[in-house]
Amino acid sequence: MKRLLYFIITFSIVLLWSSCRKDFEFSPSTGSLQFSKDTVYLDTVFTNIGSSTYTLKVYNRSNNDIVIPSVKLAMGDASGYRLNVDGIPGKIFENVQILAKDSLYIFIETTVDINNVSNAMNYLYTDQIEFDSNTNYQKVELVTLIQDAVFIYPNRDNTTKIIDPLTLSIGGEQVVTDLQGRELSPSEFIFTNDKPYVIYGFAAVPSGETLTINAGARLHFHANSGLIVSDGASININGSLSTDPDLLENEVILEGDRLEPDFSEIPGQWNTIWLLDGSINNSINYTTIKNATVGILSDGNPDLVTEKLKVTNSQIYNSSAFGILGRNTSITGENIVINNSGQSSFAGTLGGTYNFTHCTIANYWNSGFRQFPSVLLNNFVVDADNNAVLADLTEANFNNCIIYGNDNPEILLDEIEDPTVLFNFKFTNCLIRFENSNNNFTGANYDLNDITHYEGNIFNLDPNFKDTGLNQLIIGDDSAANNQGNTTFSSQVPFDILNVNRTASPDLGAYQHITFP
């Protein structure tokens with residue numbers, strides 16, 4: 001009886017409500033729709049790679065419920081654009097309803113082959129979303145810039161479609177890894193600036209070969225992708241000074257493959273440049289590495305007569321873990337700028353040999369907590385059995401550098417003491433953030449008066465960076481680093497990262513100071 005009574009009451013309410021409403025009496029659209037934008041720009045995408053999803057909102061500002069007889073792409077089914085109208089995918093829609101004073105969403109995507117783009121000069125791909133027809137006709141333009149590229153994909157089994165794992169030369173042996181990717185072929189050993197390169201998986205330089213990347217080249221990496229330089233292989237990135245500081249036309253740039261502006265500064269979009277133990281004669285000049293997990297990862301070879309890696313006149317930004325991570329390796333750096341790293345901007349771990357002159361190693365990470373300071377040095381690694389494995393820190397010299405950030409301190413010297421293991425380091429004429437008023441850091445490594453480790457340094461004074469949030473670490477007139485450099489070191493690196501002569505009155509860091517506008 002109760003169930004019957006409940007049904008009668010519910011039916012009566014629904015009947016009464018529906019008899020009072022006229023919302024379901026839709027009138028034809030009169031061509032007075034309004035739109036959130038009259039042109040939807042889908043930014044730049046690579047040929048044959050799908051875009052992000054973009055949104056158009058369509059408003060019915062009238063007091064009447066309306067029906068739009070047709071909503072369609074002007075090129076119909078032949079269009080490279082795809083629509084989703086209020087949850088329904090397609091390219092042509094009929095009798096689309098909008099309630100009075102309401103709106104609907106249209107979601108837009110595209111995938112275009114550049115060979116199908118008629119405007120070969122600008123590679124613009126266009127279409128229109130058309131609403132209704134005749135006197136009620138309205139439209140919204142769609143515009144996408146399509147960029148041609150050289151694509152490097154992993155090998156794939158043609159039968160199973162399973163991607164082959166990457167095989168690497170490690171210690172003279174061929175080792176099958178868990179990584180997706182493949183070795184570069186001889187025709188791929190030179191990257192030019194003719195077209196961007198888009199890399200899926202890891203592209204590996206085979207043993208005994210050298211990957212040369214010419215000035216002006218652009219490399220874009222998909223998620224979980226990167227470059228690997230094998231045992232006995234080398235990489236030479238040969239960027240050069242640019243005349244336009246915004247275009248950086250001669251610089252080599254490595255970043256993710258998402259070209260939309262919203263992704264331009266997002267950390268962790270791709271993996272790393274990984275120099276395996278045994279790789280040799282690696283050099284990087286006038287290069288920007290951004291939005292990686294680890295900008296550069298260098299393993300092994302700490303005792304080479306010539307350093308394993310030399311980095312000059314280069315910038316590394318927005319690394320979700322480390323800007324440069326060295327593991328018992330040898331690195332020389334001159335005129336390097338590093339900022340915005342989720343852990344350390346530079347970490348020399350498990351010992352090694354490191355020499356940095358006129359470098360700005362900063363960390364103003366603001367995307368969450370970071371565990372380590374701008375510069376981390378240690379002489380150990382903890383193995384799978386929780387045992388510490390030690391190695392010599394043969395030397396770690398920082399000369400005429402700025403080491404600063406938004407945390408304190410910005411150096412950490414994490415030594416496991418052992419009389420048989422070296423832990424040699426020295427900071428000379430550097431501007432360093434290190435405040436130890438509470439004596440949290442004790443021991444010989446933190447004795448700032450010991451000239452075997454610290455000489456001519458300045459602590460905790462303002463470097464006067466232009467804008468750390470925008471990775472603009474050039475210094476201004478009020479910087480404490482101005483004219484504080486040791487001329488012995490400035491004569492070794494006589495020009496700053498912008499090719500300004502610094503020998504007469506060297507400032508600390510990678511830049512000579514300027515007057516900010």
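Q: Which strands form the open sheet, and in what order?
A: This is a predicted model. In it, 5 strands make an open sheet, ordered β2-β4-β9-β6-β7. The pairing is antiparallel.

Q: Which are the edge strands there?
A: β2 (34-35) and β7 (88-90). Each of them pairs on one side only.

Q: How many bridges join β2 to β4?
A: 2 bridges. β4 covers residues 54-60, and the two strands run antiparallel. Phenylalanine 35 has valine 58 in β4 as its bridge partner.

Q: What about β3, is it mostly covered or mostly open?
A: Mostly covered. Of its 8 residues (39-46), 6 are buried.

Q: And β3 with β11, parallel or antiparallel?
A: Parallel. 6 bridges join β3 to β11, which spans residues 138-147.

Q: Switching to charges. How many salt bridges does a search of the whole structure find?
A: The search gives 10. Among them is arginine 82 with glutamate 109, at 3.3 Å from N to O.

Q: Where do arginine 82 and glutamate 109 lie?
A: Arginine 82 is in strand β6 (residues 81-85), and glutamate 109 is in strand β9 (residues 102-110). They are 27 residues apart in sequence, so the pair ties those parts together.

Q: What does lysine 139 meet in a salt bridge?
A: Glutamate 141, with 3.4 Å from N to O. Lysine 139 is partly exposed at 39% relative accessibility. Glutamate 141 also counts as partly exposed, at 24%.

Q: What does glutamate 410 form a salt bridge with?
A: Arginine 370. The closest N and O atoms are 2.6 Å apart. This pair links distant parts of the chain, 40 residues apart. Glutamate 410 sits in the loop between β35 (402-405) and β36 (411-414). Arginine 370 sits in the loop between β30 (360-363) and β31 (375-378).

Q: Is that pair buried or exposed?
A: Buried. Glutamate 410 has a relative accessible area of 0%. Arginine 370 comes out at 5%, so it counts as buried. The cut-off for buried is under 20%.

Q: Where is serine 374?
A: In the loop between β30 and β31. Serine 374 is buried, with a relative accessible area of 0%.

Q: What does the side chain of serine 374 reach?
A: The backbone oxygen of tyrosine 404, at 2.9 Å.

Q: What else is serine 374 in contact with?
A: Leaving aside neighbours within four places in sequence, its contacts include Ser344, Ser345, Phe346, Ile361 and Asn363. Tyr404 and Glu410 are among them as well.

Q: Last topic, the surface. Which residues form the nonpolar patch?
A: Tyr123, Leu124 and Leu145. Together they have about 220 Å² of accessible area.

Q: Where is leucine 124, and why does it count as partly exposed?
A: Leucine 124 is in strand β10, residues 124-131. Its relative accessibility is 33%, so it counts as partly exposed.

Terms used. Residues are numbered from 1 along each chain as its sequence is written. This is a predicted model: local features need pLDDT of at least 70, side-chain atom pairs count only at pLDDT 80 or more; totals for chains, interfaces and linings use all residues. Side-chain values use heavy atoms; hydrogens and water are left out. Patches are made of residues with over 30% relative accessible area and no salt bridge: like charges are joined within 9 Å, nonpolar side chains (Val, Leu, Ile, Met, Phe, Trp, Tyr) within 5 Å. Accessible areas come from the Shrake-Rupley method with a 1.4 Å probe; for residues, only the protein chains shown count as cover. A salt bridge is a side-chain nitrogen of Lys or Arg within 4 Å of a carboxyl oxygen of Asp or Glu. Helices (H or I, at least four residues) and strands (E, at least two) are DSSP runs, numbered from the N terminus. Buried means under 20% relative accessible area, exposed over 50%, partly exposed in between (1.4 Å probe, protein chains only). A polar contact is a pair of N or O atoms within 3.5 Å; within protein, one must be able to donate a hydrogen and the other to accept it, and residues adjacent in sequence count only if both atoms are side-chain atoms. Contact means heavy atoms within 4.5 Å. Two strands pair if DSSP finds at least two bridges between them.
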